[in-house]
Amino acid sequence: MTALDVLSLQVGQALLAHQWRLTTAESCTGGGIAQAITEISGSSAWFEQGFVTYSNTAKMQLLGVPNELLEKHGAVSEETVYAMAKGALDVSGSEFAIAVSGIAGPTGGTSTKPVGMVCFGFADITGWHEEVTQIFQGDRAEVRQQAIEFALKIVLNQLQAE
């Protein structure tokens, strides 16, 4: 097993202990979190579904992210990932959601939103939510991989704390 497989398995075990299911809403990771999770045999017991909402239109149509929010804050913002996570919870009926939006590069960065900037949103049915922004180094694949691992670590930490 790879380190990512071990982390995914630990997340699954923690979700099972809570009798919860996870949903992902991904942009820059392109479904990578869902893929890491579903690499684990038996993940259907704790993984509900994944949304790859790469475009703003998809974020609005599938997750209910308001257009006004996207216009004001942009797709790569803590406000947007919170709305994505909340929308994923509402649409899926899951108990825990991860949302990710960022700039994996090598293009697309700006002075205020550089390449490697990734925003994460987490929400669960208790009302808890957390939004955090990280800036990762490396090429596109490395940024995406780091984002996947970071997201799963936050989920695991939160589930172990509850």
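**Notebook: cysteines, a buried lysine, cores and salt bridges**

I began with Cys 119, which counts as buried at 1% relative accessibility. A reminder to myself before going on: this is a predicted model.

**Entry 1, cysteines.** A disulfide would need the two sulfur atoms within 2.5 Å. Cys 28 is buried as well, at 3% relative accessibility. My search of the whole structure turned up zero disulfides.

Next I went to helix H3, residues 56-63, where Lys 59 sits. I found this lysine buried and without a salt bridge. Which side chain of opposite charge is nearest to Lys 59? It is Glu 26, 11 Å away. A salt bridge would call for a nitrogen-to-oxygen approach within 4 Å. What I did find is a polar contact at 3.2 Å between the side chains of Lys 59 and Ser 27. Leaving aside neighbours within four places in sequence, I listed the contacts of Lys 59, among them Thr 53, Tyr 54, Leu 70, Met 84 and Ser 101.

I then turned to the largest nonpolar core, which has 35 residues; Phe 96, Ile 98, Phe 120, Phe 122 and Leu 152 touch the most other members. Elements that each supply at least two residues of this core include helix H1 (3-18), strand E3 (96-102) and strand E4 (117-124). Helix H6 gives the largest share, 10 residues. I took a closer look at Ile 98: beyond four places in sequence, its contacts include Leu 22, Ile 33, Phe 122, Leu 152 and Val 155. There is also a second, separate core of 20 residues, with Leu 69, Met 84, Ala 99 and Ala 123 among its members.

How many salt bridges does the whole structure hold? I found two. In one of them, the side chains of Arg 21 and Glu 48 meet at 2.5 Å, N to O. This pair links distant parts of the chain, 27 residues apart: Arg 21 is in the loop between H1 and strand E1, and Glu 48 is in strand E2. Both are partly exposed, Arg 21 at 26% and Glu 48 at 34%.

Asp 90 and Lys 86 form a salt bridge too, with their closest N and O atoms 3.0 Å apart. Both lie in helix H5, four residues apart, about one turn of the helix. I noted Asp 90 as exposed at 53%, while Lys 86 is partly exposed at 36%.

Note on methods
Residues numbered from 1 in each chain as written. Predicted model: local features only at pLDDT ≥ 70, side-chain atom pairs only at ≥ 80, totals over all residues. Heavy atoms only, no water. Buried < 20%, exposed > 50% of the residue type's maximum accessible area, 1.4 Å probe, protein only. Lys, Arg positive; Asp, Glu negative; His and termini not counted. Polar contact = N/O pair within 3.5 Å; in protein donor to acceptor, adjacent residues only side chain to side chain. Contact = heavy atoms within 4.5 Å. Core = buried A, V, L, I, M, F, W, Y, C linked by side-chain atoms within 4.5 Å.
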